[in-house]
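Student: I've got a model open and I'd like to talk through how it is put together. Can you walk me through it?

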Amino acid sequence: MKRKRTLLVLASLLLVALISACGANQSNEPKNANATGSTTSEGSKATPESSGGKDESFTIRIGTWFIDDRPFMQEFKTNVEKSYKEKYPNATIQWDITLGDAYADKLKAELASDTAPDVFFHQGKTAVFGEVGYLADLSGEAWGAKLNPGTKSAYSYKDTVYALPMGIASSGIWYNKNIFADLGIEVPKSWAEMESAFEKIQSAGITPVAAGFKDAWTASMTFNLWMQPHGYESSPTYGKDLYEGKKRLDGPEVQAVMMHLQEMVEKGYLNKNALSIDWPQSADLFTSGKAAMIAQGPWMPGTAQENFQTKGHTAFELGYLPFRTEKGYAKLSLGIDQSLSVNAKTKLLQQAKDLVAVIASPEVYGPFNVGSGTVPGIQGMQLEYPNAALNDLLKVVDETESGIGYEAYLPASAMTSLTETFTKVASGIKLDVKDLTEAQKKLEKDIGTVILPAE
């Protein structure tokens, strides 16, 4: 009997030990990791009761789609990790990187299944995530009181700060200063002057504008940049007017842009293969000197520098100019490419907020904006841009009227329809106003899906 009792005690102790070991493992290891090491479970390595002590050991996940091999991106990662180590010496940052368009779908699925990273980057209006409770309130953070009010829709929802905008971007037309100088072309200040420049450039055997509309986003971006001044020249509240039915997508503003494009195609001012090449190929056409201009984002100078170094293209100085109307009016559309938020369900809430604060610091945030060619979304930061073209961009941003893009007031279906019509005209098919009326019908049908931008 004594032997049986002893065996029973030993068995009980062994069971307790096993349970304790399992519990320890669950609180310190991800439940499931894929082949790349990205955690796919809902928690990070610290427990819900984590005190957030400086010497605590934990792993915090950050989700992103744009961190690639570019030097300034790798510098950004290094700066983040170094600064975060100063606050949490035993912490590990796990970068969950999914390059390209697949990231957005992956993030939505993770948020819906409570498996999203503790901190994650996203695009578009913060309200899209804030409305369903996916984001933690960051209103009390020190950097939150310094955000540029012009980009409020990118970081807030119902007057609550939910995101850190990584930088304010303004796209436009980049041009080859050498070609302009050689041909005696002054920077165009109206559409008539732009058309005159097109003619001189074409006469010199050079394609005036490089386009890569195989990527739908380049067609959409170009059209929106073009529409911004044409729309707001007609009304200071053009976007809201479209939403409220005071303006129409088959109205004279949209028709004017489409007819300008049609004229450019008919006169051969675009590369003939514009519909069959993507944006990197159009960038090659521009940086090789075969085209004098390209409509792109603030990343173009960096791409040009890389092409000069790796593809044997003869380097030239880039300049920047905005789209203008017949009367010379220009209005820039300011946008945020990346915003950073904290997962509302993270078990590492304070550590996650501290990670965002690290990224918002001048030592990390500043170099990121210089590298990406963006204006800081945090006011008061004075940065120096080594690329002269970016200084041209910043000068135009400082001197030109700007605001929320008109497209923020449209449902996705209407924008898709407009982009399809733009691409159709770019292919050489004459504008049919019925296509614009179809976009207007989609606006009216899906207007309820629009989340109005903060004003």
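Tutor: Helices (H or I, at least four residues) and strands (E, at least two) are DSSP runs, numbered from the N terminus. This is a predicted model, where local features need pLDDT of at least 70, side-chain atom pairs count only at pLDDT 80 or more, and totals for chains, interfaces and linings use all residues. Residues are numbered from 1 along each chain as its sequence is written, and side-chain values use heavy atoms, with hydrogens and water left out.

Student: How many helices and strands are there in the protein?

Tutor: Going by those DSSP runs, the protein has 17 helices and 15 strands.

Student: What is the strand order in the open sheet of five strands?

Tutor: The pairing in that sheet is mixed. Strand 2 (91–97) and strand 6 (164–165) each have a single partner strand, so they stand at the edges, with one side of each left without a neighbour in the sheet. Reading across, the order is 2-1-3-14-6.

Student: Which residue is the bridge partner of Ile62 in strand 3?

Tutor: Strand 1 (residues 58–64) pairs with strand 3 (residues 119–122) in the parallel sense, over two bridges. Across from Ile62, the partner in strand 3 is Val119.

Student: At what angle does helix 3 run to strand 3?

Tutor: Axes here are lines fitted to C-alpha atoms, for helices over the stretch in contact, and angles run from 0 to 180 degrees between N-to-C directions. Helix 2 (residues 71–87) lies across strand 1, strand 2 and strand 3, at about 155° to strand 2. Helix 3 (residues 102–112) lies across strand 1 and strand 3, and its angle to strand 3 is about 135°.

Student: Is Ser83 buried or exposed?

Tutor: Ser83 sits in helix 2. Leaving aside neighbours within four places in sequence, Ser83 is in contact (heavy atoms within 4.5 Å) with Val358 and Val364. Buried means under 20% relative accessible area, exposed over 50%, and partly exposed in between, with a 1.4 Å probe and protein chains only. Ser83 comes in at 19% relative accessibility, so the label is buried.

Student: What is the average twist from one strand to the next in the sheet of four strands?

Tutor: That open sheet has the order 9-10-8-11, again with mixed pairing. Strand 9 (207–210) and strand 11 (318–321) are the edge strands, each pairing on one side only. From one strand to the next, the twist averages 25°.

Student: Which residue of strand 11 stands opposite Tyr175?

Tutor: Strand 8 (residues 172–176) and strand 11 run antiparallel and are joined by four bridges. Opposite Tyr175 stands Gly319.

Student: What angle does helix 12 make with strand 11?

Tutor: Helix 12 (residues 300–310) packs on the sheet, where it touches strand 8, strand 10 and strand 11. Between the directions of helix 12 and strand 11 the angle is about 160°.

Student: Are helix 8 and helix 10 parallel or oblique to each other?

Tutor: The axes of helix 8 (residues 216–234) and helix 10 (residues 252–266) come within 8 Å and cross at roughly 135°. Angles under 35 degrees count as roughly parallel, over 145 as roughly antiparallel, 65 to 115 as roughly perpendicular and the rest as oblique. That makes helix 8, relative to helix 10, oblique.

Student: And how many residues are charged in the contact of helix 8 with helix 16?

Tutor: These two helices have axes within 9 Å, crossing at roughly 95°, and are therefore roughly perpendicular. The contact includes Phe223 and Trp226 of helix 8 and Leu418 and Phe422 of helix 16. Ala, Val, Leu, Ile, Met, Phe, Trp, Tyr, Cys and Pro count as nonpolar, Asp, Glu, Lys and Arg as charged, and the others, Gly among them, as polar. The contact divides into seven nonpolar and five polar residues, with the charged count being no charged residues.

Student: What is the phi of Lys158?

Tutor: Most residues other than glycine have a negative phi. Lys158 lies in the loop between strand 4 (156–157) and strand 5 (160–161), and counts as exposed at 66% relative accessibility. Lys158 is not a glycine, yet its phi is positive, at about 50°.

Notes
Two strands pair if DSSP finds at least two bridges between them.
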